[in-house]
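Reader: I am new to this structure and would like to know how its labels are assigned. Please go through a few of them.

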Amino acid sequence: MADGESSKEATARTLRNAFGNVLSFFILLLIGVLAFSIRLFSVIKYESVIHEFDPYFNYRVTQFLTKNGIYDFWNWFDDRTWYPLGRVIGGTVYPGLTLTAGTLWWLLNSLNIPLSVETVCVFTAPIFSAFASWATYLLTKEVKGTGAGLTAAVLLAMVPSYISRSVAGSYDNEAVAIFALIFTFYLYIKTLNTGSLFYATLNALAYFYMVCSWGGYTFIINLIPMHVLLCIVTGRYSSRLYIAYAPLVVLGTLLAALVPVVGFNAVMTSEHFASFLVFIIIHVVALVYHVKGNLSPRMFKVAVTLVVSVGLVVCCAMIAVLIALVASSPTKGWSGRSLSLLDPTYASKYIPIIASVSEHQPPTWPSYFMDINVLAFLVPAGIIACFLPLSDASSFVVLYIVTSVYFSGVMVRLMLVLAPAACIMSGIALSEAFNVLTRSIKFQLPGSSGTSQSRDTSLNTDGEQNDKAKTEKMDETVKERPSKKNRKKEKEPVEKASVRSRIERRLLVLPLEASVIAIILLVLLGAFYVVHCVWAAAEAYSAPSIVLTTYSRDGGLHVFDDFREAYAWLSHNTEVDDKVASWWDYGYQTTAMANRTVIVDNNTWNNTHIATVGTAMSSPEKAAWEIFNSLDVKYVLVVFGGLVGYPSDDINKFLWMVRIGGGVFPHIKEPDYLRDGQYRIDSQATPTMLNCLMYKLSYYRFVETDGKAFDRVRQTEIGKKYFKLTHFEEVFTTHHWMVRIYKLKPPKNRIRGKTKKSKLKASSTSSSKRSATGKRNPWH
């Protein structure tokens, strides 16, 4: 009878597990469909178009790749950017996004699915958002089981912070980099739990894809060494930890050096030194454990003394070499963006070009509620759940959330890195909460027996069993050796453990009414999160910056398509070799959409070049003409929002032009443009401000619009309403005055009057000389 009952229970358990796996598979499919479809609002409401500024450069590079091939892509010298310097594209871009989209386009066309390159680029981000959700499921499952993984996956599919960078048309590096980040972390945890060299090799390859995709790969190569060091310090070293880390450093660094934009920076910059230092430490620790397992205690002390002495000498030598390398760099081996993360005031003090970017500013408190919503309140509960019990995997995600919270507080762009960590923690918290609440209800249902009380029908059952097995594995270390006490403990009956677990589960039972109310509140909380995420996807993050919309008081929709109107005019009414000057924000769009050569663009690699343009915009008209003429500029493009109330115009960015220009050319001083420390464009503005080129190009003929020249962005009437341009002429202004294009007047038009006067004077003096001296022989 006992054998028959046990076989029936085993069969029921097998069927239950199979049903759970099939159900999980279909839930994951639905999560992928949700992640893809929620990002299509931009296409449904507007059109299939590339968004923002940087994606236009990526789109242009992808077009070149699909048309000319991979070898021409690596050797492409782009002479239409950064005139007259140009740019080597293959050695200055992270090629992961471009190669991914190009491969997708090639595969689709090989299958006779004739999609354009633009269509593939538009939908690359939604596709990889589904992949990122599945990677989140795998990572969270390794930490806390299947239920937590499914919850974290559905949260990431909808989180607004990730949607903001992965809507259809957002063809930027983060579109594929977040998937690579999460998948690399999953493979690291998988290797840590299994000790498999196969997963360790896959982890190095995933890290290589991350290096190809985004400069944020330095977050991985610093976070994983921090976790390894934490495990060593807390006495959790094992051979699995060594297998998870050592191949990643060796193979990952070698593969990263193959990426042209990284190259020798993988071993020469300070962002990578922490991984090498921990690499040395883990080898010393491995040697100590190996020696301890093969020597007597007395000999072990002698060996430890020797190993520590040699290790200190090696570490001191390595530190000396690192200090020598770091001291030779003015930034101590750190990049400007890395220093701005470690010291939030660094960029504003020394590198205004970094501080001028809006996404490099620190976030406000409302932005956290906007981007992660209720997850901000669930994260602390998830952290607590990770300590019950604490494992290597759970300690890693705790370290991940702590570091990502700090970096997101320094730079609003890194809210994107916080989003996966917040979803993982919230998934763990919700899964554990539902587990406790449903168990409490089941214990108190009428007719429930003691045997049924000990079972858990939720999806977390298998996950908990896996967690127990993983915890037992993680508790094993190399230093543990079988002893007589351990053998006696192994012979003890296992019944005590089962009774203890049953008692612990019984202690977690909550009152029935409280459990039901708590479940209802959690469901309402999830519903509020879903409503907020759908609103954010449909309204806040779906509008492309290239096409703007607004609603009138009567509910009518107004579309502002001035940017494409201006770029189309440049494309059809200027020569192919004409050079266009603008602030660097619009460089990528001008090159991609108008196909014209620009002076600066969004790459911002040459601060002096950008400072030259900023100085020209900050100078009087004549001095600005001389600067632009020396750069062979034919047209100047400015963005102006004073008529329609567009706040991201060049007048609002003008002080950054002054600061960046003044950082290279000292005669440009910010106080000259401020009145008592205030930035003004009204009648109280300074003469330097009223006479600079940016003011004149923005407000030229502005008084003709309403007769008052009222700026709707600054909410004031401008100070200088009536003036004429002497060195520039207006050639095109878009329908809503958002983009204005001016042409440099040629030098002959500027000095024609003086030439005539000089010719008259020369002729009068020569005639007087001829009359005085008489005719002369031209041969003498």
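**Labels and their cut-offs**

Author: Pro-389 is found in the loop between helix H20 (375–386) and helix H21 (392–410). Helices (H or I, at least four residues) and strands (E, at least two) are DSSP runs, numbered from the N terminus. This is a predicted model, in which local features need pLDDT of at least 70, side-chain atom pairs count only at pLDDT 80 or more, and totals for chains, interfaces and linings use all residues. Residues are numbered from 1 along each chain as its sequence is written, and side-chain values use heavy atoms, with hydrogens and water left out.

Reader: What makes the peptide bond from Leu-388 to Pro-389 cis?

Author: Its omega is near -5 degrees. Most peptide bonds are trans.

Reader: Why is Asp-676 called exposed?

Author: Exposed means over 50% relative accessible area, buried under 20%, and partly exposed in between (1.4 Å probe, protein chains only). Asp-676 has 74%, so Asp-676 is exposed. This residue lies in the loop between strand S8 (674–675) and strand S9 (678–679).

Reader: Why does Leu-251 count as partly exposed?

Author: Leu-251 has 35% relative accessibility, and therefore counts as partly exposed. Its place is in helix H12 (residues 239–256).

Reader: How do you know that strands S3 and S4 are joined?

Author: Two strands pair if DSSP finds at least two bridges between them. Four bridges join S3 (residues 548–551) to S4 (residues 557–560), and the two run antiparallel. Thr-549 stands opposite Val-559 in S4.
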